[in-house]
Amino acid sequence: MRGEFIAAGGAALLSAAGGPRAAPPLPPGALLGPRHDVGHRLRDGGLPRASETRRRSIVIVGAGIGGLSAAWRLRRAGFDDFELIELERAAGGNARWGENAVSAYPWGAHYLPLPGREARAVRLLLADLGVLQGDPFAPRPRYEERFLCFAPHERLYRDGAWHEGLVPLARASAAERDEWRRFQDRMDAFRRLRGADGRRAFALPMALSSRDPQLAALDAVPMRDWLVAAGFTSDAVHWSVNYGCRDDYGCDYRQVSAWAGIHYFASRDAEAQDADPDTVLTWPAGNGWLVRALLARCAPPLTTAALVHRVEPRAREVVVEAYLPDEDRSVALSAQHVLWAAPAAFAARALAGADADLVAALRSFEYAPWLVANLTLDETPRDRHGAPLAYGAWMVANVTLSDRPRGRGRAERAMAWDNVLHDSPSLGYVVATHQSLASHRGPTVLTYYWPLCDEPPAHARRRLLATPRAAWAERILADLGRPHPEIRATTRTLDVFAHGHAMACPRPGAVWSAARRRVERGAARVHFAHSDASGFSLFEEAQYRGVAAAERALAALGVRTDTIL
């Protein structure tokens, strides 16, 4: 499929233009990404030993959502003797963001579903940040209206037209519609199901889920195989489930365990005042808004552009060594506890003297690579008949437009927030300016998402690093040129962000594996605070693991505080 898509790129551009005219020049932009060159030095070794030592009670490695949530929990307990160490030059992890003269925009995670009752720490955080108002544990909390996604929420481009919603049921037969209803009923039953231990079968955070062996057995089966065995064969069901797996996990549904695939549909049960259950919280910067708010709330001592290359637990301390590439030297931090909030696979290289079973468990994680592009446009994209329309995404590209529909979906055919392309390797795009209250026409930014799940992750990572920005840009514009023929001519800039290790893949057998549970337990004085400890990457999982690790460290230090989990 990938080869056909690339080969069709030039033809798509010509047909979109209506004939064999010369294509406009490629829009300028940059190829961005994590600091691969510095990160690979952890793999290659040979880093200098520390030339100085400083002391902290707790060191947090990684300033993504897990690390920042740990810092928030420590501050909430009145504890401030800690420090965050981050490889990148700015905090955020998969929730990082960018900004230009038009808008802020996400470089990764772009929304947060309404948290259910089990996600207690998420609700408390949102209350602290002013997003949730009133009692955070109310059955139907109230959220600040401007953070709830404005309508229209989502649409799907298929067979040359946009359709409301993301389920491909346009022109579906009665049998296909019946099967979709049957699938929904099955997921609703899973949502209500409890295991033999009395726990919800599929909870969020996943640590609260049932340990019933019959339910855990679903983890050994690929999601596609489970669908077929359960009698689901229609395109609508299979496409929608595969889209969900690519969206949340960066993996094809043939590569995702049935437990994880069902969890996507059955774990969320939130309700809210003045909002539909499927409404999400979103901001122009995506979840970068939450990162920025956490940094302001916690004001954590943060050292950026630092590679932690050695973590050595000792009898009375843990020594952390971090390489500062800008200064070509290492520093050491002597701590009582370390909260590892970076990907688990990197801990396998940094953790000195660890048990062989823990090292093997840390190395067992496989990570999905993906691309994000942000496009800035000079005018609103139009369909083939000239009417203003919408967009969608999963490689992340940010596109900025200088002309957008008026209002919140009333004055004209306003762009949807989430715009998904049915026959595409991408997920489509979201509109960064969708939450704007401005009533005038003006520029906008599109963020385009592309999970590279059509080949083994290691191969996709090599392709990701070897492919120049211009090649990615051509493919993105060809893809978006199908619903928006003029997009190449109206794109002002097109920046691409390459995520090599974006998220852990919940492969069959991984979520309830002995390896993941071994990482969940941690080691002496080292607590894992990353979503990897859950087996897959969601905001709620990262936040839960960060808070849980912080509470374990506080308890070990004798700090009296009640759990908020």
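**Buried residues and ring pairs in a predicted model**

Q: How do you know that the span of helix 14 is close to the expected one?
A: Helix 14 covers residues 469–481 and reaches 18 Å from its first C-alpha to its last. The expected span is 1.5 Å times one less than the number of residues, and for these 13 residues it is 18 Å. Helices (H or I, at least four residues) and strands (E, at least two) are DSSP runs, numbered from the N terminus.

Q: What makes the charged end of Arg 475 sit over the ring of Trp 472?
A: The rule asks for NZ of Lys or CZ of Arg within 6 Å of the ring centre and within 35 degrees of the ring normal. Arg 475 meets it, at 5.1 Å from the ring centre of Trp 472. Arg 120 sits likewise over the ring of Phe 137, at 4.0 Å from its centre.

Q: How many aromatic pairs are there?
A: The count is 20. Rings of Phe, Tyr and Trp (its six-membered ring) pair if their centres lie within 6.5 Å; planes under 30 degrees apart count as stacked, over 60 as edge-to-face and the rest as tilted.

Q: Why is the pair of Tyr 111 and Trp 417 called edge-to-face?
A: The ring centres are 5.8 Å apart and the planes stand at 85°, so the pair is edge-to-face. Tyr 111 and Trp 417 are 306 residues apart, and the pair links distant parts of the chain.

Q: Why is Tyr 111 called partly exposed?
A: Its relative accessible area is 21%, so Tyr 111 falls in the partly exposed range. Trp 417, at 7%, is buried.

Q: What makes the pair of Phe 190 and Phe 202 edge-to-face?
A: The centres lie 5.5 Å apart and the planes are at 90°, so this pair is edge-to-face.

Technical notes. Residues are numbered from 1 along each chain as its sequence is written. This is a predicted model: local features need pLDDT of at least 70, side-chain atom pairs count only at pLDDT 80 or more; totals for chains, interfaces and linings use all residues. Side-chain values use heavy atoms; hydrogens and water are left out. Buried means under 20% relative accessible area, exposed over 50%, partly exposed in between (1.4 Å probe, protein chains only).
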